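Biologist: Hi! Could you walk me through this one before I set anything up?
Modeller: Happy to, here it comes.

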Amino acid sequence: MKVTLLKKILVGFMLLPLFANGQTTITNSIFPVPGDTLRTITTFNLPEFDKNLVGGDLYWDLSNTSGGFLSETFYAEAEAGGAFDMFPDADLLDNTTLQEIYYQTTDDKIVEIGRSGLDPVLNLLDLTFENDGEAVFRRAPISFEDTFSDNSSFFIAASGDALPDSLLALIPAQVDSLRLLVETGNEDEVDAWGTVELPGGDTYDVLRIKRTTTTNAVLGVKVPIFGWINVDPSNPLFAVLGDLLDLLGESTADSYIFLADGEKEVIASLNEDTEGNLVSFSYKGDMTTSINKIDRKKEDILTYPNPTFGDVTFQLINLPHDNYQVVVYNIIGKQLWSSDINFIEGKLRADLSHLQKGTYFYSIVNGAGQKVTTRRLMIMTP
């Protein structure tokens with residue numbers, strides 16, 4: 001009896017580390033493969049979330065939100081890509097958007113090795129480029145208290161002829177060439193484990209990763225006589241570039257990522273801006289999801305929420321770069337309100353609570369004064 005009791009105690013102590021680590025290890029079962037379609041819902045209606053809650057056996061209730069937009073990511077064999085000849089070592093392709101992303105897969109990680117299409121920072125230049133360093137998309141195994149880091153960069157160059165007229169009109173000089181260097185570093189800390197509940201009630205056993213991403217973007221332009229000049233966001237000379245300057249220089253932001261073993265979608269991701277404010281919430285979708293779907297290869301204009309109590313977001317999807325405006329009219333065509341849309345983000349958050357309850361129309365107007373579309377907007381009384 002004493003020997004049996006001693007054995008039980010010893011076995012209990014042997015199992016204790018497993019329970020202390022949440023019995024959760026993320027394996028490469030989370031790696032997407034050709035033929036997979038991953039579904040993600042993104043909303044700006046943020047759930048309650050305490051980012052400082054760390055440790056083990058935690059419960060995150062992220063269900064207190066609604067709305068959002070569904071996007072799908074399609075993975076294919078890398079050979080299906082139009083720029084595969086540039087990336088012969090690639091075995092996985094994401095061609096969901098106007099940009100092809102090429103990956104190389106090993107047993108313990110998936111690394112992004114290059115892209116073809118619009119550049120991922122300015123969304124202005126249609127180029128093919130390779131990454132230097134290691135841009136890790138997925139890795140495994142992952143356990144509680146693990147830490148990881150990766151660093152990568154890419155360099156692209158183009159002639160001034162490749163720039164859109166809407167951007168050239170802002171630059172007070174002739175541009176012969178443009179070059180862009182972007183350096184990115186990620187510091188990951190697996191700081192918590194437990195259970196997360198998503199909108200709709202689904203729950204998952206997860207690890208939480210706190211990711212700190214630092215990005216440094218340096219834009220240089222070559223002009224006659226002066227040669228190459230780096231665009232300095234603090235220099236008043238470049239103030240005419242407006243919102244474009246927000247993408248340049250060094251910035252750091254955190255995100256909180258929840259992963260579950262066997263689930264290829266990220267279960268949840270809460271993302272902060274550079275000031276530490278939560279700005280978006282994304283979570284795993286499924287085949288029964290019925291909310292609005294974004295086709296990231298087609299032009300579209302999203303307005304949400306609609307109906308609204310007054311706070312509304314207008315978002316442009318894949319429209320050509322231009323100086324757009326939103327104009328709101330009443331039902332007899334009288335203009336009531338207008339505002340420019342952020343040139344880079346393609347998104348405008350507006351407060352229309354001063355308008356009375358009813359049906360209105362809004363138009364998206366391009367830089368030439370042409371209406372891209374006119375749609376209905378409904379305002380309710382809280």
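This is a predicted model: local features need pLDDT of at least 70, side-chain atom pairs count only at pLDDT 80 or more; totals for chains, interfaces and linings use all residues.

Biologist: Is Ile 225 buried or exposed?
Modeller: Ile 225 is exposed, at a relative accessible area of 86%. Exposed means over 50% relative accessible area, buried under 20%, and partly exposed in between, with a 1.4 Å probe and protein chains only. Residues are numbered from 1 along each chain as its sequence is written, and side-chain values use heavy atoms, with hydrogens and water left out.

Biologist: Thanks! Where does Ile 225 sit?
Modeller: In the loop between strand E12 (203-223) and strand E13 (227-230). Strands (E, at least two residues) are DSSP runs, numbered from the N terminus.

Biologist: And what is the phi of Ile 225?
Modeller: Phi of Ile 225 is positive, about 75°, although Ile 225 is not a glycine. Most residues other than glycine have a negative phi. Glu 145 has a positive phi too, near 75°. Glu 145 lies in the loop between E9 and strand E10 (147-159), and with 58% relative accessibility it counts as exposed.

Biologist: Switching to peptide bonds: which residues does a cis bond with omega about 10° join?
Modeller: Asn 306 and Pro 307. Pro 307 is in the loop between strand E18 (300-304) and strand E19 (311-317). The bond from Ala 140 to Pro 141 is also cis, with omega near -5°, and Pro 141 belongs to the loop between strand E8 (126-139) and strand E9 (142-143).

Biologist: Nice. Which residues make the nonpolar surface patch of about 340 Å²?
Modeller: Ile 331, Ile 332 and Phe 361. Patch residues have over 30% relative accessible area and no salt bridge; nonpolar side chains (Val, Leu, Ile, Met, Phe, Trp, Tyr) are joined within 5 Å, like charges within 9 Å. A salt bridge here is a side-chain nitrogen of Lys or Arg within 4 Å of a carboxyl oxygen of Asp or Glu. Areas come from the Shrake-Rupley method with a 1.4 Å probe, and for residues only the protein chains shown count as cover.

Biologist: Why does Ile 332 count as exposed?
Modeller: Because its relative accessible area is 73%. Ile 332 lies in the loop between strand E20 (325-329) and strand E21 (335-340).

Biologist: Last one: is Val 182 buried or exposed?
Modeller: Val 182 is buried, with a relative accessible area of 3%. Val 182 is part of strand E11 (residues 177-197), and its C-alpha is 4.4 Å from that of Ala 217, 35 residues apart along the chain.

How values were computed:
Helices (H or I, at least four residues) and strands (E, at least two) are DSSP runs, numbered from the N terminus.
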